[in-house]
Amino acid sequence: APSAAQRAIQAQFIELFVAAADLLGVPRSIGEIYGVIFASPEPLTFQDIVDRLQLSKGSVSHGLRALRSLGAIRVAYVPADRRDHFE
């Protein structure tokens, strides 16, 4: 789990990317998802993103799909874990 300092930095990145998403006319959730992944020192699972942002699974799924199609994030291999991790 992230430390208090890491959570504060993540919150700042999320705000920055939400503002960028607003300027680009894309859903706020896409900015939130990109921000939390960008600020995370380790790749995040789908459930990590849902839990940290308190977004619906549908919003996270749509956001991840959009960000992957843009090449903004990628799936990372994490040894001994079959789940997809995003970075």
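I count two residues as in contact when heavy atoms lie within 4.5 Å. With that settled, here is my notebook on this predicted model.

**Entry: overall fold.** I started with the secondary structure and found four helices and three strands in the chain. Reading along the sequence, I noted the order α-α-β-α-α-β-β. The radius of gyration came out at 12 Å, close to the 12 Å that the globule rule gives for 87 residues, so the chain is as compact as a globular protein of that length. I also looked up the extent of the C-alpha trace, which spans about 40 × 30 × 20 Å along its principal axes.

**Entry: burial and surface.** I checked how much of the chain is covered: 36% of the 87 residues count as buried. The accessible surface comes to about 5,500 Å², and 56% of that belongs to carbon and sulfur atoms.

**Entry: contacts and charges.** I took the contacts between residues at least 6 apart in sequence and saw that 43% of them join residues at least 24 apart. For the charges, I compared mean positions: those of the 9 positive and the 9 negative charges are 5 Å apart.

**Entry: Gly63.** Gly63 sits in helix H4, which covers residues 57-69. Is Gly63 buried or exposed? I found a relative accessible area of 0%, so Gly63 is buried. Which residues does Gly63 touch, leaving aside those up to four places away in sequence? My list holds Ile30 and Ile33.

Technical notes: Residues are numbered from 1 along each chain as its sequence is written. This is a predicted model: local features need pLDDT of at least 70, side-chain atom pairs count only at pLDDT 80 or more; totals for chains, interfaces and linings use all residues. Side-chain values use heavy atoms; hydrogens and water are left out. Helices (H or I, at least four residues) and strands (E, at least two) are DSSP runs, numbered from the N terminus. The radius of gyration is taken over C-alpha atoms; the globule rule is 2.2 Å times the number of residues to the power 0.38. Buried means under 20% relative accessible area, exposed over 50%, partly exposed in between (1.4 Å probe, protein chains only). Accessible areas come from the Shrake-Rupley method with a 1.4 Å probe; for residues, only the protein chains shown count as cover. Lys and Arg count as positive and Asp and Glu as negative; His and the chain ends are not counted. The place of a charge is taken as NZ of Lys, CZ of Arg, CG of Asp or CD of Glu.
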